[in-house]
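Hi,

Here is the structure I promised to pass on. Have a look at it first, and my notes on what turned up follow below.

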Amino acid sequence: MTTVIVTSLNPAKIAAVDTAFRAVFPEQDMTFQGVSVSSDVPDQPMTSEETLAGARNRVRNAKAIVEGDFYVGVEAGLDNPFTFAWMVIESANIDGKHRTGEARSASLPLPPAAIKGIESGKELGDVMDEMFNEENVKQKGGAIGMLTGHLLTRSSVYHQALVLALIPFIHPALFPKE
């Protein structure tokens, strides 16, 4: 059985990883395990670079504490005035080869009021909770769900980026051994 370690306990992130891996590897028997690890960046990353570092750090930190076949870091952040997420997927030496795939999700424009809230020190999820009079938006459809009227969700947008990050695993011959 293939064990996929998701570096978050957020149900939206775990669901996105689950559906992406099952779509790419439909014949594999897989189990998904969420773990809480530090991103070693601020809770609200403010740049693309900081967000990518957070996803990479989560993978590194998970590999240090739990054994798996794949490690998946999903880190949401800002690239003012947009929010997006970086996906980082690493294998744990499958077929004698270590592979990494990375992709960035679609970018979602944020309303000026949301940016002001973030600049005042709040996380995007908390700002969305206030703007939409909701509770725990980030573990549901996220800002994406709220701002698109649930036409898209955090999981659906992450799913696409996760499939893209899996390209080196879909076509390993095109990506040399690391």
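Let's start with rings: those of Phe, Tyr and Trp (its six-membered ring) pair if their centres lie within 6.5 Å, with planes under 30 degrees apart called stacked, over 60 edge-to-face and the rest tilted. By this rule there are five aromatic pairs. One of them joins Phe21 and Phe70, which sit edge-to-face at 5.1 Å centre to centre with 70 degrees between the planes. Phe21 belongs to helix H1 (residues 11–24) and Phe70 to strand E3 (residues 70–79), so this pair ties together parts that are 49 residues apart in sequence.

Before I go on, some ground rules. This is a predicted model, so local features need pLDDT of at least 70 and side-chain atom pairs count only at pLDDT 80 or more, while totals for chains, interfaces and linings use all residues. Residues are numbered from 1 along each chain as its sequence is written, and side-chain values use heavy atoms, with hydrogens and water left out. Helices (H or I, at least four residues) and strands (E, at least two) are DSSP runs numbered from the N terminus. Buried is under 20% relative accessible area, exposed is over 50%, and partly exposed is in between (1.4 Å probe, protein chains only).

Now the charged pairs. A salt bridge here is a side-chain nitrogen of Lys or Arg within 4 Å of a carboxyl oxygen of Asp or Glu, and the whole structure has seven. One of them pairs Glu75 with Arg58 at 2.4 Å, N to O. Glu75 is in strand E3 and Arg58 in helix H2 (residues 48–63), so the bridge ties together parts that are 17 residues apart in sequence. Both Glu75 and Arg58 are buried, Arg58 at 15% relative accessibility. Leaving aside neighbours within four places in sequence, Arg58 is in contact (heavy atoms within 4.5 Å) with Thr7, Val37, Ser38, Ser39, Val74 and Glu75.

Another bridge joins Glu90 and Lys63, with the closest N and O atoms 2.8 Å apart. Glu90 is in strand E4 (residues 82–91) and Lys63 in helix H2, so parts that are 27 residues apart in sequence are tied together. Glu90 is buried at 15% relative accessibility, whereas Lys63 is partly exposed at 34%. Glu130 and Lys122 also form a salt bridge, at 2.9 Å, N to O. There, Glu130 is exposed at 53% relative accessible area and Lys122 is partly exposed at 34%.

Last, helix H3 (residues 112–119). Which of its residues are buried? They are Ala114, Ile115, Gly117 and Ile118. Seen down the axis of H3, these buried residues fall within an arc of 160 degrees, so they line one face of the helix; the arc is that of the directions from the helix axis to the C-beta atoms. They pack against E3 and helix H4 (124–132). On the other side of H3, Pro112, Lys116 and Glu119 are exposed. After H3 comes Gly121, with a positive phi near 110 degrees.

Cheers
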